[in-house]
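Q: Could you take a close look at one part of this model with me? I would like a connected account that I can follow atom by atom.

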Amino acid sequence: MAHTGSSSEPAGTSCPGCGGQDVLTVQEAAGGPGLRRGALAARLARGPHKSRDGFLHAVEGLVLVVLTLAWARMGADQGKPLYVGGGLALAVLLLVGTAVVVRGDIRQRAAERAGAPRAAALWRPARYCRACSGVFCPGGTPWRGLLTPEQFKKLVWTEAGYADQLPPDDAARGVEVPPGTVGGP
Ligand SMILES: [Zn+2]
């Protein structure tokens, strides 16, 4: 058990790592003013938040399809069957490509939606210590120990089932969460 349980400290507000009292909820830490907000918010992010990618990708793909069809039409008007065939083939390829990308976006969004309650259950109670950058839960529930922001993010994304969506350059990808951080059911 990582909770130090010192009797002089008010329960739930002191850091088990350094004993400091300058402790915020991760929600405050990720969204609050006066902190390096962007960087810390990303380090403590609860999920990938990809909500608009699918729509943008669909629009981009369809614009390209329309342009390609216009090109084929121009070829037809000018009696150039090579343009027509090439344009139509390209349009089909673009449609298929767009469908694949959009399907991937939808799948990722669905995974995030499905994992959201689990992520919230682990994320919301967590506290961030400004002195040592440790992340912990008061009383050791629903998870135990003191994690770095990267380990915390890895824990939340893994438990929520979308750790595969951690960007390749995200430091959370390479860290290990200590075994036993999340207890049994
Ligand atoms: Zn601390």
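In which loop is the place of Pro-142, and what is found around the zinc ion?

A: Happy to! This is a predicted model, in which local features need pLDDT of at least 70, side-chain atom pairs count only at pLDDT 80 or more, and totals for chains, interfaces and linings use all residues. Residues are numbered from 1 along each chain as its sequence is written, and side-chain values use heavy atoms, with hydrogens and water left out.

Pro-142 is in the loop between β3 (135-136) and α5 (149-160); helices (H or I, at least four residues) and strands (E, at least two) are DSSP runs, numbered from the N terminus. The peptide bond leading from Thr-141 into Pro-142 is cis, with omega near 5°.

Now to the metal. The SG atoms of Cys-15, Cys-18, Cys-129 and Cys-132 coordinate the zinc ion at 2.2 to 2.3 Å. Donors here are N, O and S atoms within 2.8 Å of the metal (3.2 Å for Na, K and Ca); water is not among the atoms, so sites may look incomplete. Along the chain, the donors follow the spacing C-x2-C-x110-C-x2-C. The arrangement is tetrahedral because the four donor atoms subtend angles of 102 to 118°; for four donors, that label requires all angles to lie between 85 and 135 degrees. Ideal angles for four tetrahedral donors are 109.5 degrees.

Cys-129 is buried at 0% relative accessibility, whereas Cys-132 is partly exposed at 34%. Buried means under 20% relative accessible area, exposed over 50%, and partly exposed in between (1.4 Å probe, protein chains only).

Ser-133 is in the loop between β2 (127-129) and β3. Ser-133 has a positive phi of about 60°, although it is not a glycine, and with a relative accessible area of 24% it is partly exposed.

Arg-130 forms a salt bridge with Asp-22, their closest N and O atoms being 3.3 Å apart; the term means a side-chain nitrogen of Lys or Arg within 4 Å of a carboxyl oxygen of Asp or Glu. Arg-130 lies in the loop between β2 and β3 and Asp-22 in the segment before β1 (23-25), so the pair ties together parts that are 108 residues apart in sequence. Arg-130 is partly exposed at 37%, and Asp-22 is partly exposed at 38%.

Terms used
Four donors count as tetrahedral if all angles lie between 85 and 135 degrees; four count as square planar and six as octahedral if opposite donors are over 155 degrees apart and all others between 65 and 115; anything else is irregular.
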